[in-house]
Structure formats: structure tokens, C-alpha cells
Amino acid sequence: MFRASNFLGIRSKSSRISSLFSKLRNQSGYARAVQAYEPSVDSNRNSNEEYANVKWEELRFGLTPTDYMYIMNSSEDGTFSKGILTRFGNMDINPSSGILNYGQGVFEGLKAFRTENGKILLFRPEENAKRMKMGAERMCMPSPTIDQFLNAVNRTVHSNKRWVPPPGKGAMYVRPLLMGTGICLGVRPAPEYTFATYASPVGNYHTGDLNLIVEEKFRRATPGGTGGVKAVTNYATIYKAITEAKAKGFTDILFLDAVAGKYIEEVSTSNIFVVKENVISTPPTNGTILPGITRKSIIQIAHILGYQMEERAIPVEELFDAEEVFCTGTAVVINPVNSITYQGRRIEYKRGAGTAAQNLYEMLTGIQNGRIEDEMGWVVELN
């Protein structure tokens, strides 16, 4: 096993890195949450089967129905009761629910990885729990406690562990979803809420080259809106723009800010980074950009690997002079951009061995998959 402090020839900086690791490490609440976890009879179904019957080499990013999902409902005072595992399938919901009528919902996405020695690791689940609580507050929703969130993730992955892909064949994507399910015909917060967690094995989000076009007509988020939280309402608004872009042969779109229309913000489902020489820049999370957990991790890894890291407003014209551009997110991991087209001009970027994106990718995925020792306390072994 490699150690992160020896990665890419930075052994001489081990003392500085150890200090950084100490600052970054925090006490996870995950262990507290799973102490009370008692696997049900259902959760051990198919325990004699190491893997589900899946053609792992053909796996793409999409739903592959697994065995179980976890459901938890709120009580009248907004607290959540003890959840249950149930067979994965459709859910009953009233046509007048808050989620269906007014989009009152937030969700999260995180991954579980299988290591070479058979362990299953979760990547920074407590960060997802904290982000859901923040988003729920913005959407006037009660939310599960951090321990309840972590317990739900643990039970969902445990009960579906045969669906976690073999090492190097993908990951299990876990989707916690919080929604207003109470009857709500008027425009107001729903009286009742449901927290559901399900999972699916997934492969790469994008296949082939990543070619972006700068979106000049539509905007993803405005100041004071919900762009900074993972709200359900943020995603349907991008469909028009991305459908038009794909019809022109592009993979995805890069949004600009809604005020001046001249600063880059993010791609439809991921954060963006720009590289020139040893400097890596990314737009700040100022309320219109989702504070991605992969984004946060990459900023920390970039510092450790010796890059100069900047969070600042990036004028779209800087894309012309950039050497590399890459996207980050739970789904896309780290995806180097092949080209960006802006006002009819196409710019191509470096990719592959020796690039900042590749160096960051190797360290991040090494930690996630257990190949590099996690000195930051980011990965949690499935209980």
C-alpha cells in the first residue's frame, strides 16, 4: 500500500504533509451512528453471494435496481422515526405532496468502493450528511440527524453489498433523498417528510471525450436562489440548455454567472477547475455554486501535492490561456476536459499522464479504493 505522503515523489515534504493531515483530520460521527445498527433478517439476504449477476465491464452511470432501500418518515414535530429496510420499488405518494407540486426536496450522492482485499469503503459520508442538513434548512424542511443519515447509508449499502462492483469495475452510488410528502395544495412547506436512501452500481458518468460549450443564454442559478444547495429544483432548469448542446454534438455545458454573464461557474452536474502552470483555480462557492465534496477534497489534495490553489472569480476569457481544465463531482470523479467552445472558438487542453488532473485523480481514487493510505480520515469502512 502506498502512503499519501510518499505519493508522486513528495517524500521530502512528509513532515509538512503530516502537519496538514493533522489539521484536516476530524472526528467522524459515523462510528456513533453504526454502533446501534442491527442487521435485519432481510439485510442478510443473499449473504452467500459475493456479487450480483451484473456484466461489470458494461456498467454505465444509470439505475441498476438493487435489493433494498431505506425509508424513514417524519413525525408531526419534524423529528424522524426509526427507519426500515424495504424491498426496492415504487413508493406511494399523494398527488398534492410538496415534492410533486412545488419541488420541495433535496438529495445527496455518495459512493461505496470495494478494495482489493474485499473491504467496502464509503467516502466522506458525514460531509454529505452536513450538506443535506444545510440544504434542508434552506428549503424549510426538517432533516434527519447526522447519525440517522449515516445509519441509513450504512444499512442501505450493507443490505445491497453484493451490488458493490469488484475493484476497478465501478462503484456503488448511494442516493439519499429528502422530500416533502405531506399534502400541500397551497404554497407552503409540507406538513410531513420522507427520507429515502437507495443505491445502484455505476460506471463512468461520461464516456469518450468531454467537450463543453459555454452557455450564453440560460443561467443555472442566481444570487439569493438555491444554487448553493443540492435542491431538486436546480436540475430540471438545465434540461433545455443541455438538450440543445447535445444536439450540436457537445457533451455538456459550462454556465456563466447570472449577474455579469462573464465569469465561469460550473458544469451542469459538476464543479470546474482551470490550470495554468502550477496554479489551479476554481470559482468560489458564493451561493450560486454547489459546494461539492469532491471539489473540497481536490482543493485539499492540490495543496498537499504542492500546487498553488486559488478560489476566485474566473473570467471566461481565461479559458483561452488555460493549459488544463477539469471537472469534479461524485458522479464524474475527476474528468479532464478535451475542449471548450466559446463564441464559436474551440480551445483544446492537455490531458493524460503528467497533468495536474491525472495526478489529483490518482491520489483521490487511490484513497477512495484503499490503494493509498488514508491519513485524512476520509474513508469509512462499512460496518
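Arginine 124 sits in the loop between strand S6 (120–123) and helix H4 (125–138). Helices here are DSSP runs of H or I with at least four residues, strands are runs of E with at least two, and both are numbered from the N terminus. The model is a predicted one, in which local features need pLDDT of at least 70, side-chain atom pairs count only at pLDDT 80 or more, and totals for chains, interfaces and linings use all residues. Residues are numbered from 1 along each chain as its sequence is written, and side-chain values use heavy atoms, with hydrogens and water left out.

Most residues other than glycine have a negative phi. Arginine 124 has a positive phi, near 50°. Its relative accessible area is 6%, so arginine 124 is buried. Buried means under 20% relative accessible area, exposed means over 50%, and partly exposed lies in between (1.4 Å probe, protein chains only). Glutamate 277 also has a positive phi, near 55°. Its place is the loop between S12 and strand S13 (279–282). Glutamate 277 is exposed, because its relative accessible area is 63%.

Aromatic pairs were examined next. A pair of aromatic rings is described by the distance of the centres and the angle of the planes. Rings of Phe, Tyr and Trp (its six-membered ring) pair if their centres lie within 6.5 Å; planes under 30 degrees apart count as stacked, over 60 as edge-to-face and the rest as tilted. Nine such pairs occur in the structure. In one of them, phenylalanine 107 and tyrosine 235 have ring centres 5.2 Å apart and planes at 50°, so the pair is tilted. Phenylalanine 107 belongs to strand S4 (residues 105–107), and tyrosine 235 to the loop between strand S9 (211–215) and helix H6 (239–247); the pair therefore ties together parts 128 residues apart in sequence. Phenylalanine 107 is buried, at 10% relative accessibility. Tyrosine 235 is buried at 16%.

A second pair, phenylalanine 273 with phenylalanine 326, is stacked, at 5.0 Å centre to centre and 5° between the planes. Phenylalanine 273 lies in strand S12 (residues 271–276) and phenylalanine 326 in strand S15 (residues 324–329), so this pair joins parts 53 residues apart in sequence. Both phenylalanine 273 and phenylalanine 326 are buried. Elsewhere, ring pairs link Phe61, Tyr173 and Tyr205 into a cluster.

Leaving out residues up to four places away in sequence, phenylalanine 107 touches Met132, Arg175, Pro176, Leu177, Lys230, Ala231, Val232 and Tyr235. Contact means heavy atoms within 4.5 Å. Phenylalanine 107 and alanine 196 are 89 residues apart in sequence, with 9.4 Å from C-alpha to C-alpha.

Helix packing was examined for H7 and H8. Helix H7 (residues 293–304) packs on helix H8 (residues 356–368) at an angle of about 110°, with the axes 10 Å apart. H7 is therefore roughly perpendicular to H8 (65 to 115 degrees; under 35 is roughly parallel, over 145 roughly antiparallel, the rest oblique). Axes are lines fitted to C-alpha atoms, for helices over the stretch in contact, and angles run from 0 to 180 degrees between N-to-C directions. On the H7 side, the contact is made by Thr294, Ser297, Ile298, Ile301, Ala302 and Ile304; H8 contributes Leu360, Met363 and Leu364.
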